[in-house]
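Here is a short briefing for a first look at this model. Keep the structure in view while reading.

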Amino acid sequence: MEKSVTNDTDTDTVLVTIDGQETRVPVTFTVLEAARQAGIMIPTLCYLKGINQIGSCRICLVEIENMRGLHPACIHPVNEGMAVKTNTPFIRETRKTILELILSDHPQKCLSCQRNDSCELQALTKQLGLETHPDGDTLPFAGETSDFTLDLASPAIERLADKCIKCRRCVSVCKNIQQIGALGVNERGFNSVIAPAFGRSLDEVECITCGQCINVCPVGALREKDEIANVWQAIADPRKHVVIQVAPSVRATLGEEFGLAPGTPVGKFIPAALRRLGVDKVFDTSFAADLTVMEEGHEFIDRLQNGGNLPMITSCSPGWVKYCEHHYPEFISHLSTAKSPQQMFGALAKTYYAETNGIDPNTIYSVSVMPCTAKKFERQRSDHIYFSETDGDRFDVDAVLTVRELARMIKQAGIDFLRLPEQPFDAPMGMGSKAGVNFGATGGVMEAALRTIYETTSGQSADPIEFLSLRGLEGVREAHVDIPGLGGVDVAVVHGIGNARQLLEKIKSGEADYQFIEIMACPGGCIGGGGQPLVSGPQRMSSDEDYRTMRVHALFAESQDLPLHKSHDNPDIKRIYEQYLEHPLSEKSHHLLHTHYQERPQYAAQKWIPGLTETEDEDFIVVPPWQHEPGMGEPAQPSHPVP
Amino acid sequence: MPYEIDIDPAWGAAIDRIIAAGAPEQGLLNENCLQRSSSLIQILEQTQKEIGYLPENVQAYLANKLHIPLSEIYGVTTFYALFNTEPVGKHTISVCMGTACYVKGAGEIVAEFERRLNIEAGQTTLDGLFTLEPCRCLGACGLAPVLTIGDQVYGRLTPADVPDLIEKYYLPTKGEST
Amino acid sequence: MKIKALTDLQQIKNQAVDDSTMRDINHTLTVNVHQGTCGTASGAKEVYGVMVRHSGDNAARIIQTGCPGMCHHEPLVSVTQPGSEPCIYGHVTPDKAQAILTSHLENHAPVTEWLVQPNQQLQKRITLANCGVIDPEKIEEYIAMDGYFALAKVLLEMQPIDVINELKASGLRGRGGGGFPTGQKWEFAHKAAGSQKYVVCNADEGDPGAFMDRSILEGDPHRLLEAMTIAGYAIGAGQGYIYVRAEYPMAVERLKWAIHQGQETGLLGNNILGSGFSFNLDIRLGAGAFVCGEETALLNSIEGKRGEPRQRPPFPASSGLWGNPTLINNVETYANIPAIIRQGASWFSSIGTEKSKGTKVFALAGKIKNIGLIEVPMGTTLRTIIEDIGGGIPNGKQYKAAQTGGPSGGCIPTDMLDIAIDYDNLLAIGSMMGSGGLIVMDEDNCMVDIARFFLEFTQDESCGKCTTCRIGTKRMLETLDKITTGQGDADDIEHLESLAATIKNASICGLGQTAPNPVLSTLKYFRPEYEAHIFEKKCPAHACQDLLSYTIVSSKCTGCSACARVCPSSAISGKVKEPYAIDQSKCVKCGLCVNKCKAEAIECS
């Protein structure tokens, strides 16, 4: 997927001259990459390394000796003896005109745009020195503007098409990386619009709400459904007891929002920051991750020993689960019934925590901070809502904040994040093991679950070497583990839906066979989630190392010093089983910690045909769409009941 | 599977036939995925010929059968002028807007149709009889200005010919229905 | 029958020649009803029906062929008597056909008042040689005209590299757009690494006003098949695609039939003429997108995608269809190949100018008497084409400009009528050869309006991929709209020029890069017209409606009230039998009153 920028093994190199500087570069380089090596940063807009390389915006145009016209540096290959100019008056003028054309079809409401200050288009106007003449009040080329309707129906992703600059990054990531194709280019010419087919809302199509499109959008055309206002309101409400859980990967990435380089761990500042926002209790989703490992691990053992559906596939990633429901309903019965950590936590916060602390669950407002936009969808799944005649609908999780939203709240509150004191999370759901924290990277769930499965069944301690092949950022990773008492187990770890799809097809065709698979919807797992800090095109170019690799380093740095290594050793986990849940897969945990899934249509033009349900698996209860679920073609429900 | 595309079974069968027919003749729809997408425009064209237009359920049906994302099929159908996602009239009046026709007054012909049919270019009359569609050069510049109604080409037109042309297609249709 | 070797081909030719000799002996007349799209649209089918039904036993041979290029006289019927020039009848109706049968065929007395002049003495027909002469649906007739002998020569006597060298020596340049040397293009594809290669014919003739490709496809489809098979042999490709516009149903049908005949006879398929070379052809239909005439967009369209262009490099010759080396030429380019192979590079390069060899087909249209297709040697002057071949401007009007190159080209003013037309001269004056559409405009055409027409076209056909074409052409069109509706500003011209420069240099493909040409060339040669629109709010050609004003000349007005009754906006008022007046604030400038006024009392300025 990623094209290596400096590949030292390349023996084929060419000599190019860029702005008078000679530089020797691999023959596989583009002019843009060669220029970067020569220390020249050519401005770009549509270009996104490894994802969108189509040369459509025309901002990176350069002059090439002996060639007519201007050429896009981002995709023009180098060749021997090539002489390139990147900064002539003609190029500067042309780039400016192009930028002015883009701006002439852009709302230019920068001051009140969510992307104010993180907008790549805005950064470009600064870089190219675009200014109106003191006595002219507007930019040139005013004319008709694209006037497209807003798409606000999805519980997770909002589409503000009038801001769209048609760079097509979102289309590329959705179609090529995730291989879903919920978004496409429709119509043509000036009327072209980036949208789902037939102008449908993302809520009505096979969008899995992974948010990768948001991560690549250079402007404010795609963004998460903002839940900040609701959280502020709950915090300000004296009747509300606000508890907040923080997902593992947040501690590896939140620092980027405060100007730190990717890969800087900031976990120690988070509890204090959240307390200063005014929440009552600060908990750690890693605790729930450990619980997920316990339930999922035992479910696997149960399936393996009692002839359950295999391979079992993890269900922590709500984007993946939704994808499975849309595209691979035949694998629904393979999904672990264990809820994701967020939803386990949500269910326990309003039961276990409420009961043991004598708090009325209806006064608890449960917030989660997630690297994920699909979590906003997940919290609204019907199984995660407690329907009550008397108290109204009660959500296990009342609000989901992405890392970006949390950063905005911290900034809004005027908190000097980097000068906060180090504080611990609150008990009894504030302690996670190293295994739980490592959930934040691809392979983390599998490694944790295998370790717990190994040690619970064999009673021996697992050799860590066995799981090393599951680490890293390879798209698909496999391992064979011999577990005393269980036998040999073939496992696979996949991240990115495109990779997942390839793997599922192989399983369907019999080409591959596993017993246990971890699938994360986002490339890199949660550290690459759709709710993580945005990394702009130029930022991605500026470092040789992938930002996701650096985030994995930060995550491991966070987990490294934790005293607890394994989920089943977590004393808080032991305590909750002793005091409340009895044992994994108990009746109570089935009630609180397990869930079911439902087939979803791929197209808005599909209708429900009753009586066609095939499976009799009791964990696979098909819920018809008229039970108002988001993402089913029904209008989204209000984000949460009025407190 | 409990979800099915909401489509007239006759349409579904017609599309199945078109997809199957594409296979032996042109070596399409084989294992080679590239070849499969190559036939998309052909299949869309034949489907439109059969059904008249390409509404959402038809495109979804095709997406499902051809394993191509619906967004991609829709992207293709909205790119090419030939495809309609809305129903069109029984007779499509395509007025050539090529240069030769333009300099010889094709605009006035369109205007006259708009006035007589009480629709704008690109629209269909309420009775579903006529769709008025300015089109790209038909390459019959020698007869400029020209138009086609169905497969029939009419040339050397003036606005005065418009009422006769409408009548020619209007009367037989009315006759059929009574 | 199967044609398995050169001898089979020769036999078919001999047979066909024998047939015509036999006819000669019997003094048989051949009646040729020309049935291209234009002919058919004008009633050629009915004429053909009458001819066939009533020819009786006077032993005339009634045949149908393609378009001879004299579109203004359609439907056309030529009657050929062995040993004499054909008699061509124009504007033939079924009644006239009956009369021709009686008079010419039975009594050998041509109906002279219906005869039209062929006007071919200044032309040189290479690519159109068979159009209107042979029956396009009969492969034998093509073979009789030496068809497929070039293929036989190539397959049996030449190495691929010989073919390419012959082409390079001929000096043939691409007839569809920029005029890239064809031999060089073939050489690139020949040398490109890859076992799977493709030959593609661009028959997506989209330039408004150009119809030579259609004429060749309808009138001589085997010529294209032969040329593409030669190309396949030369570059090492076994599969070809003809990408043809769905708007050309007759061309598609004739191509399909020709491919079928090729396969039946073995001139397409495996082991052609026993040479061991195999080649297949498929048709792909364009679905109504002008940009697909751009070669990389065409490739995407063949692949079943949105017809959006790809950035070059890589060029199709190294990475085309599905990433494989692909040779793309247009119909007219291919149509030259068989003759070049048969008659040699030196023959071909003796025609034309120093850098533009051979002939060029032009589609004459617009305000010109002899509308039609002509083929002339490169270097013929525009004046010869318009005045001598085209017959000049009808209705006593003045020539104003000729537009070549379609939406990518420019307008050529009167003082440049004497330039010799070739690739380089046209480029130098801000136009281009393009596919060969030549639209003549007279004093009634407003050049600003024409520029606006082309911009509207390119803007509508822009694929939307790159910024400059997507938004840039829109902004240019908006500016031209302003000017033609009387809202132009003093800086609009400068504005247009700077935007044009950016779009030209920065767009991905030819459509965008050439989109500003019609504006730039009209600005260059007809700037005063722009200035009149902007500063005086007048359209000198009286074409831009919003800039017109209608007034009633009191002295001529009879007060009949006809104008007032027809006025849709009730802008005309007055008392019967007294002069009427137009309220300028209400007038919508529709011009209906002018047509209604019998006294010619309403003036337009």
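Which strands of chain C does helix 3 (residues 44-54) lie across? Helix 3 of chain C lies across strand 1, strand 2 and strand 3 (77-80) of chain C. The helix runs at about 160° to strand 1 of chain C. This is a predicted model.

- Chain C has an open sheet of four strands, in the order 2-1-3-4.
- The pairing in this sheet is mixed.
- Strand 2 (61-65) and strand 4 (87-89) of chain C are the edge strands, and each pairs on one side only.
- From one strand to the next, the twist averages 20°.
- Strand 1 (residues 30-34) and strand 2 of chain C run parallel, joined by five bridges.
- C:N32 has C:I63 as its bridge partner in strand 2 of chain C.

**Two helices of chain C**

- Helix 9 (residues 212-219) and helix 13 (residues 331-343) of chain C pack with their axes 9 Å apart.
- The angle between helix 9 and helix 13 of chain C is about 50°, so the two are oblique to each other.
- Helix 9 of chain C brings C:M212, C:D213, C:I216 and C:L217 to this contact.
- Helix 13 of chain C meets them with C:V331, C:E332 and C:A335.
- By class, the contact of these two helices has five nonpolar and two charged residues, with no polar ones.

**Where chain A meets chain B**

- Chain A gives 25 residues to this contact, and chain B gives 19 residues.
- On the side of chain A that touches chain B, strand 7 (184-186) and strand 20 (606-608) of chain A are the elements that give two or more residues.
- That side of chain A divides into 15 nonpolar, five polar and five charged residues.
- Strand 20 of chain A pairs with strand 1 (residues 3-5) of chain B.
- This pairing is antiparallel and spans three bridges.
- A:W608 has B:Y3, in strand 1 of chain B, as its bridge partner.

**Where chain B meets chain C**

- This contact takes 34 residues from chain B and 44 residues from chain C.
- Several elements give two or more residues to the side of chain B that touches chain C, including helix 2 (33-38), helix 3 (40-51) and helix 5 (70-79) of chain B.
- Helix 6 (99-103) and strand 5 (152-154) of chain B are also among them.
- This side of chain B has 20 nonpolar, 11 polar and three charged residues.

Terms used. Residues numbered from 1 in each chain as written. Chains lettered and ligands numbered in written order. Predicted model: local features only at pLDDT ≥ 70, side-chain atom pairs only at ≥ 80, totals over all residues. Contact = placed C-beta atoms within 7 Å. Nonpolar A, V, L, I, M, F, W, Y, C, P; charged D, E, K, R; others polar. Pairing = 2+ DSSP bridges. Axes fitted to C-alpha atoms, helices over the stretch in contact; angles between N-to-C directions. Parallel < 35°, antiparallel > 145°, perpendicular 65-115°, else oblique.
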